[in-house]
Amino acid sequence: MLFRSKSAKGLEGWRIELSDMSARVSGLAANAAAARDIRAGLEIWAGTYGFTLAVDMMVGPKVLDPKAVQAVLDGLASCGPLEQGDAPAAGYPLGATISIAGNALDTGLAAGLDAALADTIGDRKISASINVLNKDICAVRQVLPPLPTNAISIWMGQGATGEANLAGIYHKSDNPVVEVLIPANVTAGNLWVMAVDNTGTVFNLLPNVNFEETDIAKLGTVEGGTRRIRVLYSLDEKRADIRLLAMQVLDSDFGKSEIIAFLTLGDLFDTRRPRDESVASFAEALALAQGERPGNVIGFASRILESRP
């Protein structure tokens, strides 16, 4: 009775097996904090009565609410939101794997997720996919509210061959080309596209001084049910029309940049932004625009463009 009333308090479905002076205790603790307290109590009990103790304790909660996980992730986010993949509406059962994806300023976040969530998730595993980005990209991501991402996407290719670049990785002398893809049945809206580089600069690709049109119905070409709107061109296209924007990877370009695109109901900003501006200036304007025009953004896409030697 002494063991039952005190040592196993809080241990659901507990069971004790005794063999000579050995004791094995099993059961379910409500959470990690309770598991620590129960284990400490059992060790005191075993020491008091001279038992050799083994503990087979599962750590709950029995069902984990995804909202509890998200509350921890929101506190850890340093480069836009950290999100759970396919979180079950009924909660995570014991033994489940929790998939987490997002971006971070450094590699330490991915390594520290297990420790940060240990007291919350109990006997479950973490599978993390964390992309490390630079502070400039993260500064923009931090001011983005939750946005729909299913309406548009970003395609990258090689200017010299026209082939798709699925990895988004380019090397010295490469000529990246970039297109925004929008389903052809989306016929209304405005498109705004920017590139955030690793020097603290945002380049406003569309609209720009030479091409101020943002109405998607007047942009790009429709192929196979998809509207393709090119915003970074091949060098050959640039030679044919000097108004077009093109880039070639140089030594000074090595690092990660990000292409971001907004599909909006109306103008994203009151006026066309300058060709290039600081990340701080752009982030401030974007935050203001989001506050003044809630619901204006109906689609969002982003993709990393990485330049290597």
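**Exercise 1. Find which residues Ile152 touches, leaving out residues up to four places away in sequence.**

Solution. Step 1: set the cut-off. Contact means heavy atoms within 4.5 Å. Step 2: list the partners. Ile152 touches Val180, Leu181 and Ile182, then Ala261, Phe262 and Leu263, and also Gly299, Phe300 and Ala301.

A note on the model: it is predicted, so local features need pLDDT of at least 70 and side-chain atom pairs pLDDT 80 or more, while totals for chains, interfaces and linings use all residues. Residues are numbered from 1 along each chain as its sequence is written, and side-chain values use heavy atoms, without hydrogens and water.

**Exercise 2. Describe the largest nonpolar core.**

Solution. Step 1: define it. A nonpolar core is a set of buried Ala, Val, Leu, Ile, Met, Phe, Trp, Tyr and Cys residues joined through side-chain atoms within 4.5 Å. Buried means under 20% relative accessible area (1.4 Å probe, protein chains only). Step 2: count. The largest core has 24 residues. Ile152, Val178, Leu191, Val193 and Ile259 have the most contacts inside it. Step 3: look for another. A separate core has 23 residues, including Trp192 and Phe262.

**Exercise 3. Locate the disulfide and give its handedness.**

Solution. Step 1: search. A disulfide is a pair of cysteine sulfur atoms within 2.5 Å. The whole structure holds 1. Step 2: identify the pair. Cys79 is joined to Cys138, S to S 2.0 Å. Step 3: read the torsion. The S-S torsion of Cys79 and Cys138 is about -90°, so the disulfide is left-handed. Step 4: check burial. Cys79 is buried at 0% relative accessibility. Cys138 is buried at 2%.

Methods:
Buried < 20%, exposed > 50% of the residue type's maximum accessible area, 1.4 Å probe, protein only.
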